[in-house]
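Dear colleague,

I am passing on the structure we spoke about, with the sequence alongside. Please have it open while you read, as my notes follow below.

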Amino acid sequence: MFLLEVKDLTKRFGGLVAVDSLSFNVSEGETVSIIGPNGAGKTTVFNLITGFYQPTRGEINFNGLNLVGSKPHKIALAGVGRTFQIVKPLRGLSVFENILVGAFARTGDRREARRIALDVIDFTDLAPLGDSIADGLPIGMRKRLELARSLATGPKLILLDEVMSGLNPTESTEAVELIRRLRDERGISAVAGVEHVMHVVMSISDRVLVLNHGRKIAEGTPAEISSDPGVIEAYLGK
Amino acid sequence: MKRNTVYLPVLGVFLIAAPFIFQTRYSQHVLILVLLYVALGSAWNILGGFAGQLSVGHAAFFGIGAYTAAVLASKTSLSPWWAIIAGPLFVLPIALAVGWICFRLRGPYFTLSTIAIGEMVRLVALNWSELTGGAVGVVIRPSVFSGTSKIPYYYIVLVIAVLTVALCQRISRRKLGYYLMAIREDQETAESIGIDTTKYKLVALAISASLTAIGGAFYANYFLFVDPTIVLPLALSVEIVLMSIIGGLGTVAGPVLGAVLLKLSSEVFRNEFAQANLLIYGALLVVVILFMPGGLMGGFRRLFKFGSRKAQRVSA
């Protein structure tokens, strides 16, 4: 029994097939990376799973629920969290308030929501910035805030869209460490979209999927993927 | 919170004593208007300020509340004061229908659609003469307070204003308030963390419109005359929005400050400068927008570090 089962997922935008008959599974507590060059269809896959787009064809089952046709907020409440590639903080609110809003998905009680938000702000090391307005944060912190806000809703699975883009080496290392702790300390599954074959990300992934032009061209352990000739070709050309 | 425990009782005593401090009928009339606009601005702020859905059609809800009183007075033997309860009940289904249509639109398109709704309600009132008296309007015979004293009206509108502001304060600290602010900041983000944006926008509109109808019902009972140019003009919708913007959008105190400043100054200017008062009104708006982004509340905060965000949260 998988936590997330994606079968034959297809999305067409007019003549363009953005995602083409994609099937994959994610087990409970598993971290999966989806890698692929810009335009490979990673963000579209995330938007399909979280209900922001409707698939042209295919099935998405999460924890025994069929997600196709559900609205984004219902999918979020079912336990699928997400971050956005182009970060979308609640700009006028503070870092703490951003996380607090997420926590209200689990409870209507103010004290309980504050307790959850305080736990999440500590887990993500954002506590020193709690009172800062989200709009002024540097990109590394905003990416982390995306994850924190989603984590506060209590997801079983988090979809991280382009977790590494725009980060400097130190921030990347911190981000990878945070994703590892998500699995090791909280048992939360993650699907991380990554543009480049980054060994840091692959090192913490249980499995790696490679997308190119909306199709899955390879799937396997990080070691298998780094030596796959098809993958090397997709990135470097023939 | 400590600061509030000092200032609130002082403000409370002042508000209760005000009609005895200001004894002329005219000054009491101005106080009543100020409090009515405090209530209207605060009610609008729930939808426009917290949820960021800039409605410029709130005169429709005000007018329906006022006409409820007028119809009760002209067509039934009931007291028009019942409109304070009946007005919101009539407005609720209308507001939900309006929301169902207009919330499909975002940003400026939503705002334009609310202007259209306001004009539609005005035209219906103008043409449905059997019910509304058309352009002639409806004169309401005073039912409960037949004397000339303004003091009972002052206390009624004081209760309406205080309850409305208290409700705003309560909402701002709770799940509903945070959800509305999340919707204002980014609807997609809000959806991604489990917020049913359509439902919460409708909740905000329902509360906002109902409270506005209560204001309209009071107004009809106070002025004892209702016609479309008085209770349904676009200018009223605009004035409600301006008060909140000048005071500070999305803050509990903003519409209160805005209503006090705008209503007092417009009365003063009306007396001193006659027709030029609108000019000064406009100039005031430009000054605030240029030099105080975030309205008076934003300006005060920067000047005095007064109720800074940090202090607010510690007391929350």
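At what angle do the axes of helix α3 and helix α12 of chain B cross, and within what distance do they come? Please bear in mind throughout that this is a predicted model. In that model, the axes of α3 (residues 58-75) and α12 (residues 234-247) of chain B come within 7 Å and cross at roughly 115 degrees. Angles of 65 to 115 degrees count as roughly perpendicular, and α3(B) and α12(B) are therefore described as roughly perpendicular to each other. The crossing of these two helices, α3(B) and α12(B), is right-handed. On the α3(B) side the residues involved are His58(B), Ala59(B) and Phe62(B), and in α12(B) they meet Leu234(B), Leu236(B), Ser237(B) and Ile240(B). Sorted by class, the contact of α3(B) with α12(B) consists of five nonpolar and two polar residues, with no charged residues.

Turning to chain A, its secondary structure comes to nine helices and ten strands. The C-alpha atoms of chain A fill a box of roughly 55 × 40 × 35 Å along the principal axes. For 238 residues, a compact globule would have a radius of gyration near 18 Å, and the 17 Å of chain A agrees with this.

Within chain A, four strands form an open sheet in the order β2-β1-β4-β5, and the pairing is antiparallel. Strands β2 (16-26) and β5 (65-66) of chain A stand at the edges with a single partner strand each, so one side of each is left without a neighbour in the sheet. The pairing of β1 (residues 4-13) with β2 in chain A runs over seven bridges in the antiparallel sense, and here Glu5(A) stands opposite Asn25(A) in β2(A). Helix α1 (residues 42-49) of chain A packs on this sheet, where it touches β1, β2 and β4 (57-62) of chain A, and the direction of α1(A) makes about 65 degrees with that of β2(A).

Finally, the two chains meet in a contact that takes 25 residues from chain A and 19 residues from chain B. On the side of chain B that touches chain A, the elements giving two or more residues are α8 (175-185), α9 (187-192) and α16 (309-315) of chain B, and the largest share, six residues, comes from α8(B). By class, the residues on that side of chain B divide into ten charged, six nonpolar and three polar.

With best regards

Definitions and conventions
Residues are numbered from 1 along each chain as its sequence is written. Chains are lettered from A and ligands numbered from 1 in the order in which they are written. This is a predicted model: local features need pLDDT of at least 70, side-chain atom pairs count only at pLDDT 80 or more; totals for chains, interfaces and linings use all residues. Two strands pair if DSSP finds at least two bridges between them. Two residues are in contact if their C-beta atoms, placed from the backbone, lie within 7 Å. Axes are lines fitted to C-alpha atoms, for helices over the stretch in contact, and angles run from 0 to 180 degrees between N-to-C directions. Ala, Val, Leu, Ile, Met, Phe, Trp, Tyr, Cys and Pro count as nonpolar, Asp, Glu, Lys and Arg as charged, and the others, Gly among them, as polar. Angles under 35 degrees count as roughly parallel, over 145 as roughly antiparallel, 65 to 115 as roughly perpendicular and the rest as oblique. A crossing is left-handed if the near helix is turned anticlockwise from the far one by less than a right angle, and right-handed if clockwise. The radius of gyration is taken over C-alpha atoms; the globule rule is 2.2 Å times the number of residues to the power 0.38.
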